[in-house]
Each structure stands twice: as C-alpha cells, then as structure tokens.
Amino acid sequence: MDKRFADIIELITQSRNNAIRKVNEELINLYWNIGEYISRKVELSEWGQSVVKELAQYIQAYEPEIKGFSDKNLWRMKQFYETYKEFPKISTLLREISWSHNLAIFSRCKTIEEQEFYIKLTQQENYSFRELERQISSSLFERTMLGNSNLSTVLRETNPEIANTFKDSYVFDFLNLPETFSESELQKGLILQMKNFILELGRDFLFISEEYKIQVGNSDFYIDLLFYHRGLQCLVAFELKADKFKPEQLGQLNFYLEALDRDVKRQNENPSIGVLLCKDKDSEVVEYALSRSLSPTMVSEYKTQLPDKKVLQQKLHELFDKRPE
C-alpha cells in the first residue's frame with residue numbers, strides 16, 4: 001500500500017466499522033422494542049400465537065424486502081426482552097453484539113450470570129458466531145467457574161464477587177486456540193473451493209448460499225453450502241468438516257435436512273439430500289444423508305445423479321495437498 005494514502009484508508013475503515021456498529025445497535029434496539037410491545041400485548045391477553053403469525057404475514061406483505069420478521073423471530077424478540085428486562089446493565093451490552101450472537105446466548109445459557117459472561121467475552125474478543133457456539137458447547141463458563149486463579153479484565157468484571165474462582169490457565173488456552181483458528185481458516189477455504197468444484201461438476205447444480213441459515217426453535221444453525229439440483233428437483237446440503245469423521249456429524253446433517261424439508265422445501269420438490277465431507281491428515285470420508293421416506297427407486301435415482309464419492313474424496317485430497325504448510 002502507498003504510505004501516502006494509508007491514513008485515508010484507515011479513516012475509511014474506521015468509518016465503515018462505526019457505521020456497521022451503529023446499524024447493529026439500531027437493529028437490536030428495534031428487536032428489543034418489538035419484543036417489549038409483543039410481551040405487553042400477550043401479558044394483557046390481547047395477543048396470542050395466531051396474532052403474532054398474522055403480524056409476520058402483514059410485515060411480509062407490506063415490506064417484502066425486509067427479512068428477519070418471521071413469527072419465530074418475533075417470538076424470539078419477546079423472549080429476548082423478557083430475559084433481560086430486569087437487568088439494565090446487561091441490556092446496554094446487548095447492543096454491542098449481533099442478533100445471532102444474542103440468540104445463541106439467551107437461548108442456550110441457563111442463568112443471567114452465564115449470559116453476561118458470554119456477552120462480555122463476545123464483545124471483547126470479537127467472536128464469530130461459530131466460535132461463540134463452540135465455546136458454549138465446550139462449557140467454558142462452567143469449567144472456568146471451577147478454577148481458582150487470576151482473571152483477565154473482562155472475566156473479572158463479570159462478577160467481582162467470584163473473582164477468585166476463575167482459572168487463569170484456561171483463559172490463556174481460550175484466548176490462543178491455535179488449532180481451532182487454523183481449522184476455521186481451513187474450512188473457509190474448503191467451502192469456497194468446494195463450491196466452485198461442485199458447480200463445475202454439471203449444470204444441474206444451482207448454487208443457493210454459503211452458510212445458509214435455518215431456524216429450529218430458538219436456535220440458528222448454518223449449512224456450509226446449499227444447492228438445488230434440477231435433475232433431482234431437491235435441495236442438496238453440503239457440510240465440510242476439517243477433522244476425522246464422527247457418526248454424530250451425520251446425525252447433525254440429518255437434523256438439517258429435516259429442517260429444510262419442513263421450512264424450505266416446496267410441495268412439488270423431493271426430499272432434501274445431505275453430503276458430508278470430512279478430511280483429517282490420514283483420510284477423506286464422504287457420506288450421503290438421504291430421507292427415510294424415500295423409496296428404493298428414488299434412492300437409486302438419487303445416487304446415480306449425485307457426484308461419485310471417489311470424485312469428492314479425490315477433490316478433498318487435492319485441496320489439502322494445495323494448502324500451504
């Protein structure tokens with residue numbers, strides 16, 4: 001970069017980041033206010049489930065370009081407001097992280113102390129959604145509470161009364177995470193290259209989205225790659241794992257397919273298909289996930305039109321070979 005102009009680029013970057021933060025703050029404010037409004041209507045027995053569904057349909061009809069106002073998300077806004085309305089200090093922090101992060105925290109964390117813990121860590125460490133999900137799943141809060149050493153500033157502020165119960169060694173491990181970060185970067189590269197490879201396999205594959213969001217209950221989940229196959233007339237979800245194959249990964253993919261068939265698939269389309277691709281240092285594994293409702297004839301038809309497992313395994317092998325050490 002030309003050093004003469006570096007300061008201008010820095011100003012542009014800072015302004016863009018400030019704008020994004022402001023937009024996010026306004027969005028969270030909006031969701032909070034909508035949640036408060038719905039909560040009061042329900043409390044007064046003026047609104048029920050059917051009215052909220054009508055509201056979602058009304059918003060879709062009059063503002064079709066606006067996303068994020070499904071009846072599920074409207075109920076989440078109500079839950080969001082009711083979770084934090086008695087905690088003004090925390091309600092200020094909520095504006096500093098995204099809605100997806102907030103959803104993960106208030107829907108998965110059991111106590112207000114645990115919620116505050118993850119809100120502050122997310123804000124300070126600029127967690128991606130997946131990194132936050134990973135830390136919640138690894139029980140970071142519970143395991144940290146079992147320690148007895150010094151805290152980083154953000155942990156110490158969470159609850160000064162229990163400062164001596166946190167484990168400093170865990171905090172250092174948590175902040176570094178070299179293997180996790182390398183895996184995350186590798187997966188991003190795999191997703192991009194695999195997307196291009198699948199599109200090259202034939203014209204039947206139509207690309208829909210990377211990290212396609214599906215909603216189940218109060219949680220959001222993200223499918224690595226989602227395609228539509230014209231020949232099979234169905235959705236095809238690809239999940240890429242930069243680690244050794246585990247049976248539960250296939251179970252997770254089947255869970256995604258059920259959500260797709262329930263909420264995304266159209267009536268004239270066939271059941272969705274899942275393709276799981278796993279690669280560790282020793283092997284490449286490719287597994288298909290097919291709906292149990294498929295007849296043997298349909299299963300056979302699916303398999304003849306899907307990419308051959310050996311071709312996908314070879315591509316995974318090539319992608320890893322090209323990865324810089």
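Mentor: By class, three nonpolar, four polar and three charged residues make up the lining of the largest cavity. Ala, Val, Leu, Ile, Met, Phe, Trp, Tyr, Cys and Pro count as nonpolar, Asp, Glu, Lys and Arg as charged, and the others, Gly among them, as polar. This is a predicted model, in which local features need pLDDT of at least 70 and side-chain atom pairs count only at pLDDT 80 or more, while totals for chains, interfaces and linings use all residues. Residues are numbered from 1 along each chain as its sequence is written, and side-chain values use heavy atoms, with hydrogens and water left out.

Trainee: What makes a space a cavity, and what makes it a pocket?

Mentor: Both are found on a 1 Å grid over the protein atoms alone: a cavity is a set of points where a 1.4 Å probe fits but cannot get out, and a pocket is an open set with protein on both sides within 12 Å along at least five of seven lines. Lining residues have an atom within 4 Å of a point. A search of the whole structure finds two cavities of 30 Å³ or more.

Trainee: Which residues line the largest cavity?

Mentor: The lining consists of Ser100, Leu103, Ala104, Ser107, Arg108, Phe129, Glu133, Asn218, Ser219 and Asp220. Two or more residues come from each of α5, α7 (129-137) and β2 (219-229), and the largest share, five residues, is that of α5. Helices (H or I, at least four residues) and strands (E, at least two) are DSSP runs, numbered from the N terminus. The largest cavity holds about 40 Å³ of space.

Trainee: What is the volume of the second largest pocket, and which residues lie nearest its centre?

Mentor: Its volume is about 750 Å³, which is the space filled by probe spheres set on the points, with grid points joined across faces, edges and corners. Of the 23 lining residues, Gly68, Phe69, Ser70, Lys213 and Gln215 lie nearest the centre of this pocket. Strand β1 gives the largest share of the lining, four residues. By class, the lining of this pocket has 10 nonpolar, eight polar and five charged residues.

Trainee: Why is Ser45 called exposed?

Mentor: Exposed means over 50% relative accessible area, buried under 20%, and partly exposed in between (1.4 Å probe, protein chains only). Ser45 has 65% relative accessibility, and therefore counts as exposed. Ser45 lies in the loop between α1 and α2, and its phi is near 60°, a positive value in a residue other than glycine.

Trainee: How do you know whether Tyr288 is buried or exposed?

Mentor: The relative accessibility of Tyr288 is 16%, so Tyr288 counts as buried. Tyr288 is in strand β5 (residues 284-290), and its C-alpha atom is separated by 4.7 Å from that of Val275, 13 residues apart along the chain.

Trainee: How is Asn268 classed?

Mentor: Asn268 counts as exposed because its relative accessibility is 59%. This residue is found in the loop between α12 (247-263) and β4 (273-279).
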